[in-house]
Amino acid sequence: MRASKLFVQTLREFPNDAEAMSHKLLVRAGYIKKLANGVYSYLPLMQRVLTKVSNIIRQEMNAAGAQELLMPFVQPAELWQKSGRWQVYGKELMRMKDRHEVEMCLAPTHEEVITSVVDGIFGSYKQLPVNLYHIQLKFRDEIRPRFGLLRGREFIMKDAYSFHTSQESLDAEYENMAQAYTKIFKRCGLETKMVQSDSGAIGGSVSHEFMVLVDTSVGENNVFYCEKCGYSANSNHAVSKLNDETTDGGFNELKLVDTPDVRTIEELAKFFNVGENCILKAVLYIASFADDAKGEKVPDMPVMVMIRGDKEVEETKLMNAVGALEIRPAVDVEVKEYLGTEPGFISFHGCADKNVRVIFDNSVRGMKNFVVGANQPHKHYTGYNFSDIKEEDLKGGKPEFVDVSLVKKGERCVDCGESLNVTRGIEVGNIFQLGTKYSKPMNALYTDENGKTHPYIMGCYGIGVTRTAAAAVERYHDDFGIIWPLEIAPYHAVVVPVNTNDEAQVKLAEEIYQKLLNKGVEAVLDDRADRAGVKFKDADLIGYPYRITVGKTIAEGLVEFKARKDADVLKLSPEDAVEKIVNAVSALK
RNA sequence: CGGGAUGUGGCGCAGUUUGGUAGCGUACUUCGCUUGGGACGAAGGGGCCGCAGGUUCAAAUCCUGUCAUCCCGACCA
């Protein structure tokens, strides 16, 4: 490719509306152009990167025994009503009507379609297992798209779905995919960590995410991990052992105490001179639910979480615990409405008849003689114990213990007891065991050797193609621009003649360029009449992995060779420079 | 959903307070000159100032509405 013909316009400045470095760089270096919020055109350089990522995925998926197909981006609502997700998917699902007033939606994912596809074609155990995938657009109408390609509304995803007759077969495929994914990301030049995770809107039981670890807020997930035994999990799923499982507030008598305007945990700890871990904290949430089977609205429900004062609620866990679709902290007015008191003093006291669901986090199990709100203005109890709970406080008089707390750095690994670390991660892939979550409601059945029918046991496996490319930029860049891993760079190398008025330079650059092309290197010849500085800046910004500079040194028979990721500039003969790049490129396959 | 800010050639911005028919940088075109880290000079092309109403002799500027974008927040008692 000749740079003079390449459809790219680099910008002198970063765009004003970008926050994440990958977003800034991809716009400035001419890879993407925004069309609408969270919707981008992929320009020729970007398209080459995406093609490379896609091809790596294809090769490894095919090698792992999966077959590629292609499913529609626009789908009928009917299918989603069958699976039950038309009601639960919420506003993220982009809905619309066609000219006949038939409800349709844009695909946020393809479980429904694949299930219907397989149902029509495969009906026998003899044909199973099978793993089918495609690389397709997805559209999710996110509340707040941000960070460019990292969280767009429209994006490209590889999603694979496997169908089995047994859990063992699913387990084997799950493992097979985990290995394929590790290979895929490695070939994309990315180190990833496979972590346990919540299965979210997709559903199912077992799931893992593949994270690219980063140290900025664009990593939207917190990952807890153990260096000793390798345990690692998304914060929405992570569990830990507390460092102080039992805590004693030291108040040996149950007392109702006046606590005027002492509201926060911090203030209470100071007021009573106890640790925050000796205070039983109450947090009120409002949970909302999907419409029931008849399409009737299910009313919102207040949920009170009792948790140890030094711990925080993990909202995803809480959502799962109560089966809610969405959950949010209650506002002051709601606190008064449901509990009859004001924030700062609430608790479960006298709540048995209040239609408030009360959940106790596991973190409180070992507490005794603690401080807890009295559910009356400006009053707390001290020296409270779980045996003090009465029928009028809780239905049944007994606490319901669940894990709904967020792990904290330094808490201990449940597997080996070592203290846990935390880091940020960008989720580039995930794998799920779906079981019969879709096949059952959609009545997708196979016939076994005895002629009996069963719902398929399913797995699904996704990789964000556009996000993977953006994650690579996020991970590999410097002050001058992108530093692409060679595997997914739009081109492998650029040849820069310094002075286009110097015929010898131009001629040699052309020769080197042709030689690279002939040896299978994807090269760009920067034949523009601009000054060298412009070409160097662009080369760094765009991030070509290798650069050969043809300048004054040709008098000595030498050109300059530079790898984007290294600072060194080597003076080599043209043959040696070409050979270095050819060797690097052929080592890819 | 709440709060704040911003919408002016492809990109980055000024002009709005005090209404007078649009400007700077960059990018683009042409010419000259220059050619090792975003040179210089000259001459050009491109915007009904987000959109819709209103006030006015006159609106980028004032008023009303609307849309869009960005940031923050969404209550841990």
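1. The largest share, eight residues, comes from α12. Helices (H or I, at least four residues) and strands (E, at least two) are DSSP runs, numbered from the N terminus.

2. Basis and confidence. This is a predicted model, in which local features need pLDDT of at least 70, side-chain atom pairs count only at pLDDT 80 or more, and totals for chains, interfaces and linings use all residues. Residues are numbered from 1 along each chain as its sequence is written, while chains are lettered from A and ligands numbered from 1 in the order in which they are written. Chain A averages a pLDDT of 92, and 99% of the residues score at least 70; pLDDT is the predictor's confidence in each residue, from 0 to 100. For the model, ipTM is 0.92 and pTM is 0.93.

3. Overall build of chain A. The secondary structure comes to 13 helices and 33 strands. Taken along the principal axes, the C-alpha atoms of chain A fill a box of roughly 95 × 65 × 50 Å. Of the 589 residues of chain A, 43% count as buried, that is, with 20 or more other C-beta atoms within 10 Å of their own, the C-beta atoms being placed from the backbone. Among the contacts in chain A with a separation of 6 or more, 73% join residues 24 or more positions apart; a contact requires C-beta atoms, placed from the backbone, within 7 Å.

4. Domains. The assignment for chain A gives domain 1 (47-239 + 422-474), domain 2 (247-402) and domain 3 (491-586), with bounds from an automatic or database domain assignment. Between domain 2 and domain 3, the C-alpha centres lie 67 Å apart.

5. Helix α8 and its cover. In helix α8 (residues 315-322), the buried residues are K317, L318, M319 and A321. Their cover includes β15, β16 (301-308), β17, β18 (357-361) and β22 (401-402). Just after α8, G323 takes a positive phi of about 70°.

6. Pairing around β21. Strand β14 (residues 255-258) pairs with strand β21 (residues 379-384) in the antiparallel sense over four bridges; two strands pair if DSSP finds at least two bridges between them. Here D258 stands opposite K379 in β21. Strand β20 (residues 370-373) also pairs with β21 in the antiparallel sense, over three bridges, and the bridge partner of V372 in β21 is Y381. The hairpin of β20 and β21 has five residues between the strands, and N375 takes a positive phi near 60°.

7. A three-stranded sheet. Three strands form an open sheet in the order β4-β6-β5, with antiparallel pairing. The edge strands, β4 (74-76) and β5 (95-97), each pair on one side only. From one strand to the next the twist averages 40°; axes are lines fitted to C-alpha atoms, and angles run from 0 to 180 degrees between N-to-C directions. Strand β6 (residues 103-106) pairs with β5 over three bridges, and M104 in β6 is the bridge partner of M96.

Conventions. Buried ≥ 20, exposed ≤ 12 C-beta atoms within 10 Å, placed from the backbone. Contact = placed C-beta atoms within 7 Å.
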